[in-house]
Amino acid sequence: MLPRAVALLTLVAALGVHARQPTPPPSPDGGSPAEQTALSPRNASYRIDARLDHDTRTITGEAVITWRNTASTAAPSLQFHLYYNAWRNTESSWMRERILGGNRAIANRPAEDFGWIDMTAMRVTRQGVQTDLFPRRRFIAPDDGNPQDRTVVEAPLATPVAPGETIEIQVAWTSRVPRTFARTGTIGDFYFIAQWFPKIGVFQDEGWNCHQFHSATEFFADFGTYDVRLDVPRGWMVGATGREVERTEAGDRTTHRYYQADVHDFAWTTSPDYIEHRARFEHPTLPAVDMRLLLQPEHGSQAERHIEATRAALKYYGEWYGPYPYGHVTIVDPAWQSGAGGMEYPTFFTAGTRWLQPARAVQPESVTIHEAGHQFLYGIVATNEVEHAWMDEGLNTYTQARIMDEAFYPHYYAKRYFGGFVPWVFRDLPLTRDVDGNRMPAYRPVAGNDDQSTPTWRYWPGSASAITYNKTALWMHTLERMLGWETVQRILSTYFDRYAFRHPDPEDFFSVANEVSGEDLTWFFDQVYGSSNTFDYAIDVFRSQPATANGFFGEPGSQTLEIRQMPYRTTVVVRRLGEGIFPTNVRVRFENGDEERWQWDGRDRWKLFEIERPARAISAEVDPERVLLLDVDMTNNSASLRPAGDRAATKWSLAWLIWLQDHLLTYGFFV
Ligand SMILES: [Zn+2]
């Protein structure tokens with residue numbers, strides 16, 4: 001752990017971390033070294049004061065943003081995200097996309113549910129001179145030109161911000177908290193507040209990277225320090241990014257001050273109902289982490305499961321990628337029907353569970369591991385989630401499935417009845433990592449819908465998640481079977497080490513993979529990332545018949561007829577049904593226990609293999625080791641010439657059992 005931490009510090013020093021930052025407040029526990037020394041460029045830091053008015057569901061806030069231009073070109077304007085305006089009306093790009101993707105009902109949500117954010121001030125201070133930018137601000141829609149979208153605001157500057165220059169921006173705003181959309185909002189007296197303040201975009205050499213809020217994508221921001229005062233009703237519990245460093249009571253209000261350095265976002269929650277649990281993660285080679293769990297009272301019995309799943313994520317991510325440097329993490333179990341579950345924020349995430357959650361079902365472990373895993377991919381390696389969402393969601397889904405397999409195997413298929421209240425766990429249906437963990441069933445029907453290399457916000461909204469999460473998990477696991485886990489693990493740790501607290505692009509990941517594996521994997525990435533091609537290899541023809549007499553019963557014209565054992569000619573035709581090309585092999589098994597294997601580059605649309613052997617063939621399989629997990633139809637990968645053996649029976653019985661038990665249970669309950 002230490003050598004890596006030192007390397008990070010050296011890297012940050014080389015980047016030239018700027019000194020003008022909000023002063024870190026005194027930390028109640030003396031502060032961890034990670035809070036004292038810059039791990040990241042810290043070029044977008046916020047001091048925020050916000051007040052929640054529960055009666056009107058309103059937040060009023062003020063922020064001072066200390067922003068440094070880290071690009072090599074001057075910034076001619078400032079751009080900010082105003083995410084809450086996605087739910088201002090049904091004409092925002094977010095709403096239009098959500099409706100286009102098939103969710104028509106969302107347009108009919110009551111007016112009461114909607115929310116918005118209005119800026120009330122915007123000033124900039126440079127070399128002691130303050131300029132009011134508020135009158136110059138205008139809404140822009142850089143992605144789709146939608147004049148109704150108000151999720152990005154821009155203010156032109158009379159003098160551009162030079163490379164390396166630091167400015168201070170004062171903003172103020174009022175917002176109405178929505179009834180949850182996109183996991184931020186309120187229900188009753190539960191609040192989960194995310195994407196809630198005017199957030200400055202990321203200025204790059206090419207200009208502002210400040211996308212509108214899209215229905216299928218998340219966020220992208222620069223690192224900084226957050227020093228945030230949250231004024232909420234007295235007696236309400238608060239959880240947030242960072243650690244609480246100060247608490248002030250005044251009348252029926254309490255102000256909670258949270259502080260965190262080296263993060264790129266800040267979210268928080270408040271509710272009078274939370275039950276708090278604390279635990280600690282300890283490991284022989286990784287830094288300790290204080291875990292704070294805010295649980296709904298009705299889920300008290302599940303506290304240990306959330307803690308254990310978080311522990312598993314910190315352990316395996318720590319061992320496979322690198323250490324978690326913040327020393328603390330907060331896990332939130334959102335209120336029932338809040339819609340806030342399953343989302344990541346720096347040092348802070350929501351899991352989500354149900355009242356009855358049987359042991360060895362997938363939840364709440366799976367979602368907890370996923371969101372804890374985002375602390376590493378998204379939190380520390382801060383990729384652009386709007387353009388390359390697969391880099392966090394996909395790699396994280398792959399890793400999540402791997403951790404579930406390591407730490408919580410076996411786990412079983414579960415189905416819920418009576419409006420989701422009553423769970424039933426199918427103990428004879430263990431879920432497999434390669435199919436269920438990698439989410440093949442949801443990928444298969446939409447596999448060709450988008451090139452993964454298309455900016456994610458332009459994916460078809462209805463299948464964006466399958467291309468982002470599922471496809472990546474499948475191709476990463478395929479890579480693991482091609483290269484071996486040891487090599488893939490070194491790829492992941494090298495990538496993490498090199499790009500922690502930075503914004504790597506897809507090419508950065510691919511070049512680490514090539515470098516560490518010592519192979520040129522371009523052919524692979526060009527297909528799985530650079531195209532929408534799907535993979536499907538199939539056994540088309542499989543015959544094994546006695547060979548004809550010609551040439552087999554003695555030489556023509558020979559005097560003595562030599563009687564040999566009857567040979568069989570085995571014929572296999574393998575087809576490439578998809579556009580994707582993947583080198584593979586074909587295995588034939590014979591009655592006498594022999595085996596024959598042919599390598600195939602997988603290029604032609606079909607390939608004939610023939611062999612003559614003394615025994616009859618009984619089975620033929622293409623890709624018998626199931627290396628190519630992206631193959632969208634595994635049922636055509638094998639053929640058999642005798643009544644289904646044990647393996648085939650097992651394969652089919654799973655599907656059959658799901659169907660049967662589903663129906664038995666349905667009739668048992670309702671007839
Ligand atoms: Zn995720």
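My entries on a metal site, a helix, a sheet and an arginine follow.

This is a predicted model, where local features need pLDDT of at least 70, side-chain atom pairs count only at pLDDT 80 or more, and totals for chains, interfaces and linings use all residues. Residues are numbered from 1 along each chain as its sequence is written, and side-chain values use heavy atoms, with hydrogens and water left out.

**Zinc.** What holds the zinc ion? I found H370 (NE2), H374 (NE2) and E393 (OE) coordinating the zinc ion at 1.9 to 2.1 Å. Donors are N, O and S atoms within 2.8 Å of the metal (3.2 Å for Na, K and Ca); water is not among the atoms, so sites may look incomplete. Along the chain, the zinc donors are spaced H-x3-H-x18-E. I also noted that H370 and H374 are both buried (under 20% relative accessible area; exposed is over 50%, partly exposed in between, with a 1.4 Å probe and protein chains only).

**Helix 10.** I checked residues 485–499, the 15 residues of helix 10: at 1.5 Å a residue they should span 21 Å, and the end C-alpha atoms are 21 Å apart, which agrees. The expected span is 1.5 Å times one less than the number of residues. Helices (H or I, at least four residues) and strands (E, at least two) are DSSP runs, numbered from the N terminus. Among the buried residues of helix 10 I listed V488, L492 and F496. Just after helix 10, F501 has a positive phi of about 65°.

**R613.** I located R613 in strand 30, and R613 is buried at 18% relative accessible area.
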